[in-house]
Amino acid sequence: MDIGFLIKKFIGGMMMPMSIVFLLGILGLLFLFIKKYNHAKVFLISSFVILFMFSYNPIANTLIGNLEYAHKSLLEAPKDIKYIAVLGSGHTSNDNISIISQMDESSLARVSEGVLLYHKIGDAKLIFSGYSGNDAVPHAFMQKKLAIELGVKEEDIITFSNPKDTYEEAVAIKELLGNEPFILVTSAFHMSRAIDTFNFVGLSPIPAPTGHKASNIDYFKRPSGYDIQKSETAVWEYLGLLFNKLKSIF
């Protein structure tokens with residue numbers, strides 16, 4: 001496994017809201033245990049404040065909505081495009097359940113959007129990418145399996161089973177297509193970072209965001225785990241955009 005990739009994931013994970021909440025909470029309890037009560041109050045109150053903020057519906061929806069609506073949905077597929085690249089997400093392979101149940105929510109939305117565009121265009125190739133992660137089967141192969149179940153011809157599918165992240169996906173697609181125009185399908189919250197990454201390697205894809213998570217803001221909705229999940233998803237993407245910016249500078 002690439003050590004740099006693991007370090008990047010670890011650092012990013014430690015900067016997630018829930019990681020910060022737990023870290024502050026643990027520090028608060030430690031100070032409480034050694035009877036430094038003023039320090040304990042600061043860390044424990046900070047922990048609860050951050051937890052409330054990122055699990056509060058208006059904040060969560062604003063964070064993720066700003067990402068999701070940065071690019072318009074591709075409602076009319078251009079007929080002159082011959083390639084549709086669908087970025088990978090996640091899955092858990094299990095032959096005892098439906099292929100749909102094996103895919104995570106983001107992957108289902110991405111593959112479905114790609115297949116929809118494939119049928120609209122009528123003469124295109126689908127590109128699927130993604131490594132195996134902690135699973136035995138590469139994600140690209142799972143995407144391919146689902147697409148075939150949804151009526152895509154096997155000969156119209158290209159798979160890249162080695163890319164571990166968006167940058168590696170962009171490099172693989174650049175090597176395949178060169179300057180050939182193509183549609184890029186990924187989750188709406190991920191599209192800004194994906195476009196940024198693809199531009200970095202010299203590509204200018206047509207964005208086709210899907211799987212929008214932002215909903216109408218409800219100021220009276222209680223804090224929820226679903227909303228903090230939205231916040232964490234958004235924060236991860238903002239960190240990715242920052243990383244891309246730093247990489248372009250250095």
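The buried residues of helix 6 are covered by several elements, including strand 1 (83-86), strand 2 (125-129), helix 7 (139-149), strand 4 (183-187), helix 9 (188-200) and strand 5 (206-210). Contact means heavy atoms within 4.5 Å. Helices (H or I, at least four residues) and strands (E, at least two) are DSSP runs, numbered from the N terminus.

This is a predicted model: local features need pLDDT of at least 70, side-chain atom pairs count only at pLDDT 80 or more, and totals for chains, interfaces and linings use all residues. Residues are numbered from 1 along each chain as its sequence is written, and side-chain values use heavy atoms, with hydrogens and water left out.

Which residues of helix 6 are buried? Among them are Arg110, Glu113, Val115, Leu117 and Tyr118. Buried means under 20% relative accessible area (1.4 Å probe, protein chains only).

Next, helix 4 and helix 9. The axes of helix 4 (residues 57-68) and helix 9 cross at roughly 55 degrees and come within 6 Å. Axes are lines fitted to C-alpha atoms, for helices over the stretch in contact, and angles run from 0 to 180 degrees between N-to-C directions. Helix 4 is therefore oblique to helix 9. Oblique is what remains after under 35 degrees (roughly parallel), over 145 (roughly antiparallel) and 65 to 115 (roughly perpendicular). Ile64, Leu67 and Glu68 of helix 4 meet Ala188, Phe189 and Ser192 of helix 9.

Last pair. Helix 1 (residues 3-14) and helix 10 (residues 225-249) pack at about 130 degrees, axes 10 Å apart. These two are therefore oblique as well. Lys8, Lys9, Gly12 and Gly13 in helix 1 meet Trp236, Leu239 and Phe243 in helix 10.

Methods: Buried means under 20% relative accessible area, exposed over 50%, partly exposed in between (1.4 Å probe, protein chains only).
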